[in-house]
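Dear colleague,

I am handing over the structure below, together with some notes on what I found in it. Please have the structure open while you read, as the notes go from one residue to the next.

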Amino acid sequence: MAAEYLQPEKKQEIFAKYGKSNKDTGSAESQVALFSYRIAHLTEHVKKNKKDNVTRRSLLRLVGKRRSLLDYLKKTDIERYRNIVRELGLRR
């Protein structure tokens with residue numbers, strides 16, 4: 001089930017910008033960046049479709065996954081955590 005808004009080229013671009021390379025799909029930074037992109041998209045969808053509870057639940061799960069990855073980064077390498085939060089413009 002591929003999302004139309006998330007083309008393979010866009011994923012490669014996100015991984016190249018925030019990961020170590022465009023093939024780096026596993027690093028915490030690249031995953032946080034991808035989750036943030038998806039969260040922004042789903043937030044707009046939920047604003048327009050207020051009764052879409054399935055998407056709302058998916059959005060909350062994504063936010064939780066991103067939070068877990070950020071907590072992991074904060075615990076293991078505070079500098080990487082600070083860099084990704086600054087680059088993505090996240091609040092914490």
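I begin with D24, which counts as buried because its relative accessibility is 13%, where buried means under 20% relative accessible area, exposed over 50% and partly exposed in between, computed with a 1.4 Å probe on protein chains only. Before going further, please note that this is a predicted model, in which local features need pLDDT of at least 70 and side-chain atom pairs count only at pLDDT 80 or more, while totals for chains, interfaces and linings use all residues. Residues are numbered from 1 along each chain as its sequence is written, and side-chain values use heavy atoms, with hydrogens and water left out.

The loop around D24

D24 lies in the loop between α1 and α2, where helices are DSSP runs of H or I with at least four residues, strands are runs of E with at least two, and both are numbered from the N terminus. Leaving aside residues up to four places away in sequence, D24 touches F15, G19 and S30, a contact being heavy atoms within 4.5 Å. From D24 to V54 there are 30 residues in sequence and 30 Å in space, C-alpha to C-alpha.

G19 lies in the loop between α1 and α2 as well, and with 18% relative accessibility G19 counts as buried. With residues up to four places away in sequence again not counted, the contacts of G19 are I14, D24, S27 and S30. G19 and A33 are 14 residues apart in sequence, and their C-alpha atoms are 8.8 Å apart in space.

Twelve residues of sequence and 18 Å of space, C-alpha to C-alpha, lie between K47 and F35.

Helix α3 has 24 residues and reaches 35 Å from its first C-alpha to its last, close to the 34 Å expected at 1.5 Å a residue, the expected span being 1.5 Å times one less than the number of residues. Its buried residues are T55, L59, L62, R66, L69, L70 and L73, and what covers them includes α2 (28-48) and α4.

Helix α3 (residues 53-76) packs against helix α4 (residues 78-88) at an angle of about 135°, with the axes 5 Å apart. That angle makes α3 oblique to α4, since angles under 35 degrees count as roughly parallel, over 145 as roughly antiparallel, 65 to 115 as roughly perpendicular and the rest as oblique. On the α3 side the contact is made by R67, L70, L73, K74 and T76, and on the α4 side by I78, R80, Y81, I84 and V85.

Confidence

The mean pLDDT of the chain is 90, and 96% of its residues reach 70 or more, pLDDT being the predictor's confidence in each residue, from 0 to 100.

Terms used:
Axes fitted to C-alpha atoms, helices over the stretch in contact; angles between N-to-C directions.
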